[in-house]
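Work through the exercises below with the sequence and the coordinates open. Each task is followed by a solution in steps.

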Amino acid sequence: PEARLDAILSRRSVLQAALGADIPISPAMHLELAAGAGPSFGNSAGNGTPFSARGDAIVRFLIDPEHRMRWSPYAGGGIGARYERAADGWGGVAIVVVGVNAPRWKHAVPFIEAGLGGGLRIGAGLRRAR
């Protein structure tokens, strides 16, 4: 499991809380599935509610799968779907991310990441430690 908070900065920026799953494909490759929702800001012009939602599927390549470095970097890419408002509906996005897993904290691994996909993405959260 994974819990995260993401800001997606674009013409219509969003702040979303998300829950997901971190599924190992191999020791160095993980599939991340996440779904999030939260408020949207900017360029609303009174069109619809300030609500946004998304679903992402990202394959992450761990540069240090054994987490021997104190801060373990990774990079990834995938696809997502983003809901802006009723008038726009759902739209697809391509996603690229780079991030770092922080030192283990109790039963979790904190992380921070940045990327592109529907705008500039900045996120942080916790993944369950293996």
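The model is predicted: local features need pLDDT of at least 70, side-chain atom pairs count only at pLDDT 80 or more, and totals for chains, interfaces and linings use all residues. Residues are numbered from 1 along each chain as its sequence is written, and side-chain values use heavy atoms, with hydrogens and water left out.

**Exercise 1.** Locate Arg82 and determine which backbone oxygens its side chain reaches.

Solution. 
- Step 1: Arg82 belongs to strand β5, residues 72-83; strands (E, at least two residues) are DSSP runs, numbered from the N terminus.
- Step 2: With a relative accessible area of 6%, Arg82 is buried. Buried means under 20%, exposed over 50% and partly exposed in between, with a 1.4 Å probe and protein chains only.
- Step 3: The side chain of Arg82 reaches the backbone oxygen of Gly118 at 2.6 Å and that of Arg12 at 2.7 Å.
- Step 4: Leaving out residues up to four places away in sequence, Arg82 touches Ile8, Ser10, Arg12, Val14, Ala53, Arg54, Gly89, Trp90, Gly91 and Gly118. Contact here means heavy atoms within 4.5 Å.

**Exercise 2.** How many aromatic pairs does the structure hold? Describe them.

Solution. 
- Step 1: There are two aromatic pairs. Rings of Phe, Tyr and Trp (its six-membered ring) pair if their centres lie within 6.5 Å; planes under 30 degrees apart count as stacked, over 60 as edge-to-face and the rest as tilted.
- Step 2: Phe51 and Tyr83 make a tilted pair, 6.2 Å centre to centre with 55 degrees between the planes. This pair links distant parts of the chain, since Phe51 lies in strand β4 (residues 51-62) and Tyr83 in strand β5, 32 residues apart.
- Step 3: Phe51 is partly exposed at 38% relative accessible area, whereas Tyr83 is buried at 18%.
- Step 4: Tyr83 and Trp90 also form a tilted pair, at 5.6 Å centre to centre and 50 degrees between the planes. Trp90 is exposed, at 54%.
- Step 5: Phe51, Tyr83 and Trp90 form one aromatic cluster.

**Exercise 3.** Over which rings do the charged ends of Arg60 and Arg127 sit?

Solution. 
- Step 1: Apply the criterion: NZ of Lys or CZ of Arg within 6 Å of the ring centre and within 35 degrees of the ring normal.
- Step 2: The charged end of Arg60 sits over the ring of Tyr74, 5.0 Å from its centre.
- Step 3: For Arg127, the ring is that of Phe111, with the charged end 3.8 Å from the ring centre.

Key: Helix = DSSP H or I, 4+ residues; strand = E, 2+ residues; numbered from the N terminus. Polar contact = N/O pair within 3.5 Å; in protein donor to acceptor, adjacent residues only side chain to side chain.
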